[in-house]
Amino acid sequence: MPPLDLLWAYLLATFLLTVTPGVDTLLVIRNTGRGGLRDGTISSLGICCGLFVHATLSAIGISLILVQTAWAFSALKWAGACYLIWLGLSSLYLAARPMPTVAMKSGDRPSRVRPGRSFREGVLSNVLNPKTALFYMAFLPQFIDPAGPAFAQSIFLAGIHFVMAMVWQCGIAMLVVRTHRMTVNGRIKRLMHALTGGVFVGFGTKLAFTTQP
């Protein structure tokens, strides 16, 4: 487990990443409208299971670098810093642009969808998302203690993200079912991009000045 101050920072950044509307959120909304609460919940489970794939790949990369040299680990953290700053600036750019309001409707008679299909769609949506992969590779090394097992620490952090994302996405699915309509307001999307961008730039800057393992 990372130090308490780093854990709180991880919780904040992961929370912002989770609640910012993106491909995974829209998939949950769409599938809930297609097949009801079960479809949306199973899709969310698939999405969140995909997080462990990214955590595992990230841990493998971190472990391979740690057994090499200190400069290689520092190079990874510099690359991560640059990526996080770029990601933050991209989010701030999106926050400065006007965004349309996105509305998704839930049908009165949800179709019956096989659970395997919903789960598979969720996993593929997350695993094949290059932004999620790059985020995990750049973000997790900040909270990994080089003296400890990288895999166990990565899975622990991914577990936190799993719980947070499941609660959020299942809440969205229930909201879609209850209201039969889910609206993602353009101003809210811009605000979330602004908050997320600021946090990412801050983390990237901090990471750039803590490059020693």
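1. Of the contacts in the chain (heavy atoms within 4.5 Å) between residues at least 6 apart in sequence, 89% join residues at least 24 apart. The model is a predicted one, in which local features need pLDDT of at least 70, side-chain atom pairs count only at pLDDT 80 or more, and totals for chains, interfaces and linings use all residues. Residues are numbered from 1 along each chain as its sequence is written, and side-chain values use heavy atoms, with hydrogens and water left out.

2. Secondary structure. The chain contains seven helices and two strands, taken as DSSP runs (helices H or I, at least four residues; strands E, at least two) and numbered from the N terminus. Their order along the sequence is α-α-α-β-α-α-α-β-α.

3. Burial and surface. Of the 213 residues in the chain, 47% are buried; buried denotes under 20% relative accessible area, exposed over 50%, and partly exposed in between, with a 1.4 Å probe and protein chains only. The accessible surface is about 11,000 Å², and 70% of this surface belongs to carbon and sulfur atoms. Areas come from the Shrake-Rupley method with a 1.4 Å probe, and for residues only the protein chains shown count as cover.

4. Nonpolar core. The largest nonpolar core has 24 residues, and those with the most contacts inside it are Y10, Y136, F139, L140, F143, L157 and F203. Such a core is a set of buried Ala, Val, Leu, Ile, Met, Phe, Trp, Tyr and Cys residues joined through side-chain atoms within 4.5 Å. At least two residues of this core come from each of α1 (4-19), α2, α5 (130-139), α6 (150-179) and α7 (186-208). Helix α6 supplies the largest share, seven residues. In soluble globular proteins, nonpolar side chains tend to be buried together.

5. Y136 and L51. Beyond its neighbours within four places in sequence, Y136 is in contact with Y10, L51, H54, A55, S58, P141, A158 and H161. L51 lies in helix α2 and is buried, at 4% relative accessible area. With residues up to four places away left out, L51 touches N126, Y136, A158, H161 and F162. The C-alpha atoms of L51 and A165 are 9.8 Å apart in space, although the two residues are 114 apart in sequence.

6. Helix α1. This helix has 16 residues and reaches 22 Å from its first C-alpha to its last, close to the 22 Å expected at 1.5 Å a residue; the expected span is 1.5 Å times one less than the number of residues. Its buried residues are L6, L7, A9, Y10, A13, T14, L16, T18 and V19.

7. S43. This residue is in helix α2 (residues 23-66) and is buried, with a relative accessible area of 0%. Its side chain makes a polar contact with the side chain of N31 at 2.8 Å and reaches the backbone oxygen of D39 at 2.7 Å. A polar contact is a pair of N or O atoms within 3.5 Å; within protein, one must be able to donate a hydrogen and the other to accept it, and residues adjacent in sequence count only if both atoms are side-chain atoms. Residues up to four places away aside, S43 touches N31, S118 and G122.

8. Salt bridge. The whole structure holds one salt bridge, that is, a side-chain nitrogen of Lys or Arg within 4 Å of a carboxyl oxygen of Asp or Glu. The side chains of E121 and R117 form a salt bridge at 3.2 Å, N to O. Both residues lie in helix α4 (residues 115-127), four residues apart, about one turn of the helix. R117 counts as partly exposed, at 40% relative accessibility.
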